[in-house]
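Subject: Structure for you to look at

Hello,

Here is the structure I promised to pass on. Please open it first, then read my notes below.

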Amino acid sequence: EKSGGAPGAVSGPAHLVSCTFVSNAAIPSYFGTEEAGSVYGATMDSCIVVDSVGGVVGDVTAEWSLIEDGWPGVGNFDLDPLLADPYGGDFSLLPHSPCIDRGNPSLPADPDGSRRDMGAEPWVWEQVSASYCESNPNSTGSTAVCRVTGFTSVDTNFVRLVADFLPHDQTGFFLTSRTQGFVPLFAGLQGNLCLGEPIVRLDGPGQVLDSGSSGSASLELSLTLLHGGESVLAGETWHYQYWYRDNDPMPTANTTGGVLVGFD
């Protein structure tokens with residue numbers, strides 16, 4: 001659901017999910033009060049409200065939403081949503097928008113399988129990697145896979161690493177290298193190492209991940225500052241895989257297969 005351009009308002013009771021409100025206004029006399037705004041007396045979830053006269057007012061319950069000037073509630077914040085051209089009718093999110101993957105995690109995922117975005121137009125993560133190396137099944141009976149999504153442009157610097165089909169509630173981290181390799185069942189574990197030396201462990205602050213109840217993990221990666229001081233340059237090919245803990249049947253570890261990305 002989208003709203004923008006012409007003056008207008010939404011008044012509760014209403015349950016607004018994944019809506020975008022830009023340049024909306026309300027007429028106070030309509031409510032019989034001086035307190036009026038773009039959204040009045042409604043419940044909001046995973047929404048965006050910016051540049052709107054009066055903003056959000058009254059008995060509004062909001063969560064996981066970007067609201068100009070702020071609003072109390074879990075997951076809410078006030079930042080530039082980085083919309084493509086809202087006054088021209090394009091409410092899509094630009095790369096690096098703080099609304100990407102920041103909607104209510106309990107809502108159904110976006111069409112690309114990622115966490116719900118805020119706003120009416122979901123961001124679509126495009127896969128940019130190719131597989132070159134397989135690994136082995138884990139305790140779920142599936143073989144975990146790695147993929148890279150986003151842009152291959154180093155200047156855009158908008159890349160996300162994803163690992164799927166992981167055992168639930170297990171920690172892990174991504175590995176990367178400029179070179180390929182293959183060591184089966186390396187270090188006596190159940191996974192195959194698909195990278196050659198030197199290997200960069202992406203296990204710095206905030207980079208050790210938990211697969212949770214979804215059995216997946218993702219990391220937005222800065223190409224300009226990898227852990228260990230490395231950086232990705234245009235014209236280079238980098239290789240990625242994910243290392244994770246498992247119980248199969250005793251405590252052990254496994255890996256996804258390896259994927260590669262050529263950056264420009």
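**Disulfide and other cysteines**

The structure holds 1 disulfide. Please keep in mind that this is a predicted model. The bond joins C133 and C194, with their sulfur atoms 2.0 Å apart. C133 sits in strand β13, and C194 sits in strand β18, which covers residues 193-195.

C146 is in no disulfide. The nearest cysteine sulfur to C146 belongs to C194 and is 9.7 Å away. C146 is buried, with a relative accessible area of 8%.

What about C47? The closest cysteine sulfur is that of C19, at 4.4 Å. A disulfide needs the sulfur atoms within 2.5 Å, so the gap between C47 and C19 is too far for a bond. C47 is buried, with a relative accessible area of 0%.

**Aromatic pairs**

The count comes to 8 aromatic pairs. One of them is W125 with F158. These rings are stacked, 4.9 Å centre to centre, with 25° between the planes. W125 lies in the loop between β12 (90-93) and β13 (130-133). F158 lies in the loop between β14 (145-150) and β15 (159-164). The pair therefore ties together parts that are 33 residues apart in sequence. Both residues, W125 and F158, are buried.

F158 has another partner, F151. That pair is tilted, at 6.5 Å centre to centre and 35° between the planes. How accessible are F151 and F158? F151 is partly exposed, with a relative accessible area of 31%. F158 is buried, at 1%.

W123 also belongs here: W123, W125, F151 and F158 form one aromatic cluster.

**Salt bridges**

Now the charged side chains. Side chains of opposite charge can pair when their charged atoms come close. How many salt bridges are there? The count comes to 6. Here are some of them.

R178 and E230 meet in a salt bridge, at 3.1 Å from N to O. This pair links distant parts of the chain, 52 residues apart. R178 is in the loop between β16 (171-177) and β17 (180-183). E230 is in the loop between β21 (217-221) and β22 (237-247). R178 is partly exposed, with a relative accessible area of 35%. E230 is partly exposed as well, at 26% relative accessibility.

D203 forms a salt bridge with R201. Their closest N and O atoms are 2.9 Å apart. D203 is partly exposed, with a relative accessible area of 22%. R201 is partly exposed, at 43%. There is a network to look for too: salt bridges that share partners join R178, E230 and E236.

D110 and R116 form a salt bridge, with the closest N and O atoms 3.8 Å apart. Is this pair buried or exposed? D110 is buried, with a relative accessible area of 7%. R116 is buried, with a relative accessible area of 15%.

Best wishes

Notes:
Residues numbered from 1 in each chain as written. Predicted model: local features only at pLDDT ≥ 70, side-chain atom pairs only at ≥ 80, totals over all residues. Heavy atoms only, no water. Phe/Tyr/Trp six-rings, centres within 6.5 Å; stacked < 30°, edge-to-face > 60°. Helix = DSSP H or I, 4+ residues; strand = E, 2+ residues; numbered from the N terminus. Buried < 20%, exposed > 50% of the residue type's maximum accessible area, 1.4 Å probe, protein only. Salt bridge = Lys/Arg side-chain N within 4 Å of Asp/Glu carboxyl O.
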